[in-house]
Amino acid sequence: MYKKVLLLPLIFLSKILQAQVYTVPGAQIQPAWVFPLWFEDGSGAKDTLYFCYDPDADVPYADTIFGEKKEILDSIKFQAYYWCALDSNHSAYRKITTIYLGNGANICFLNVQMPLTLRWDSKVLNSDSLPFPDQAPAPRAEGVLAYDLPMEINMCSFELPLLMTDTTLYAWDTLCSFSDSIVFEGPSASYLSFHVEPWKGILLGVDNSADKQEKFFVYPNPMHNELQVIAKNVSASAVIKIMDMLGNVRLSETMR
């Protein structure tokens with residue numbers, strides 16, 4: 001009995017540590033879901049934007065109770081802000097809460113020195129506060145980020161959005177999907193366009209027309225000892241083959 005009593009606090013502590021929660025500074029009411037975007041420029045200067053969701057929210061930037069009010073930006077510091085619009089007094093929004101995550105927002109910067117690094121906590125994309133289907137052990141959500149020249153990312157095309165998630169479907173997607181950080185190169189900064197959507201396990205830009213819809217979800221990537229496969233609309237006689245980098249079949253199994 002003594003051992004059981006001792007283990008219970010440890011179990012609850014583990015759950016608390018896994019359920020990482022962030023708060024919005026200056027908010028009278030905290031949103032149901034808070035996703036900080038941590039920026040750091042080439043000089044080491046740092047700034048944070050807050051992208052949030054709440055089922056009781058109104059249109060973005062209208063709910064001051066969630067901390068959505070314009071802030072006067074420091075004209076000489078590195079700072080990030082939403083909507084890429086500054087008032088005459090140099091004020092802009094830095095915290096937004098939405099009722100519909102797919103709306104997203106544009107992000108711009110003041111006094112940035114390249115390269116520019118964006119970091120986030122991918123565990124937050126698993127939160128059950130998101131109004132998306134539970135796809136455990138895959139995340140509920142993925143972040144989608146578009147950018148424009150003159151910012152550049154090695155091996156990525158600015159014409160395609162970037163995927164922000166720690167779980168992807170295809171090995172070759174990993175070139176332009178990122179688990180917890182992205183580094184933007186380039187002589188100067190342009191704007192970013194960010195939104196959150198249900199996790200699909202694939203990058204935008206992959207052909208998802210009705211006759212080519214994905215039949216498999218495979219994760220995690222990269223894997224360690226266990227690979228999860230979800231099959232949709234697949235024949236019972238389908239065969240799964242695992243091959244190495246040289247194309248040699250290492251495992252061949254009929255689906256069951």
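**Figure 1. Overview of the predicted chain, with 1 helix and 17 strands**. The secondary structure of this predicted model comprises 1 helix and 17 strands. The chain has 256 residues, of which 38% count as buried. Of the contacts between residues at least 6 apart in sequence, 61% join residues at least 24 apart. The chain exposes about 14800 Å², and carbon and sulfur atoms supply 56% of this area.

**Figure 2. The disulfide between C84 and C108**. The structure holds 2 disulfides, and one of them joins C84 to C108 with an S to S distance of 2.0 Å. A disulfide is a covalent bond between the sulfur atoms of two cysteines. The torsion about the S-S bond of C84 and C108 is about 90 degrees, so this disulfide is right-handed. C84 lies in the loop between β4 (79-82) and β5 (91-92), whereas C108 belongs to strand β7 (residues 105-110); the pair therefore ties together parts that are 24 residues apart in sequence. C84 is partly exposed, at a relative accessible area of 29%. C108 counts as buried because its relative accessibility, 14%, falls under 20%.

**Figure 3. The disulfide between C156 and C176**. The sulfur atoms of C156 and C176 are 2.4 Å apart. The torsion about their S-S bond is about -130 degrees, so the disulfide is left-handed. This pair links distant parts of the chain, 20 residues apart: C156 is in the loop between β9 (141-147) and β10 (162-164), and C176 is in the loop between β10 and β11 (177-178). Both C156 and C176 are buried. When the bonded cysteines of the chain are numbered in sequence order, the pairing reads 1-2, 3-4.

**Figure 4. The aromatic pair of Y22 and W38**. The whole structure contains 7 aromatic pairs. In the pair formed by Y22 and W38, the ring centres are 5.5 Å apart and the planes stand at 70 degrees, so the pair is edge-to-face. Y22 is found in the loop between α1 (2-18) and β1 (33-40), and W38 in strand β1, 16 residues apart. Y22 counts as buried at 19% relative accessibility, while W38 is partly exposed at 29%.

**Figure 5. The side chain of D121 and the backbone of K123**. D121 is located in the loop between β8 (116-119) and β9. D121 is buried, with a relative accessible area of 8%. A polar atom of the D121 side chain lies 3.0 Å from the backbone nitrogen of K123.

Figure 6. The average pLDDT of the chain is 81, and 74% of the residues score at least 70. Where pLDDT is low, the predicted coordinates should not be read in detail.

How values were computed: Residues are numbered from 1 along each chain as its sequence is written. This is a predicted model: local features need pLDDT of at least 70, side-chain atom pairs count only at pLDDT 80 or more; totals for chains, interfaces and linings use all residues. Side-chain values use heavy atoms; hydrogens and water are left out. A disulfide is a pair of cysteine sulfur atoms within 2.5 Å. Helices (H or I, at least four residues) and strands (E, at least two) are DSSP runs, numbered from the N terminus. Buried means under 20% relative accessible area, exposed over 50%, partly exposed in between (1.4 Å probe, protein chains only). pLDDT is the predictor's confidence in each residue, from 0 to 100. A polar contact is a pair of N or O atoms within 3.5 Å; within protein, one must be able to donate a hydrogen and the other to accept it, and residues adjacent in sequence count only if both atoms are side-chain atoms. Contact means heavy atoms within 4.5 Å. Accessible areas come from the Shrake-Rupley method with a 1.4 Å probe; for residues, only the protein chains shown count as cover. Rings of Phe, Tyr and Trp (its six-membered ring) pair if their centres lie within 6.5 Å; planes under 30 degrees apart count as stacked, over 60 as edge-to-face and the rest as tilted.
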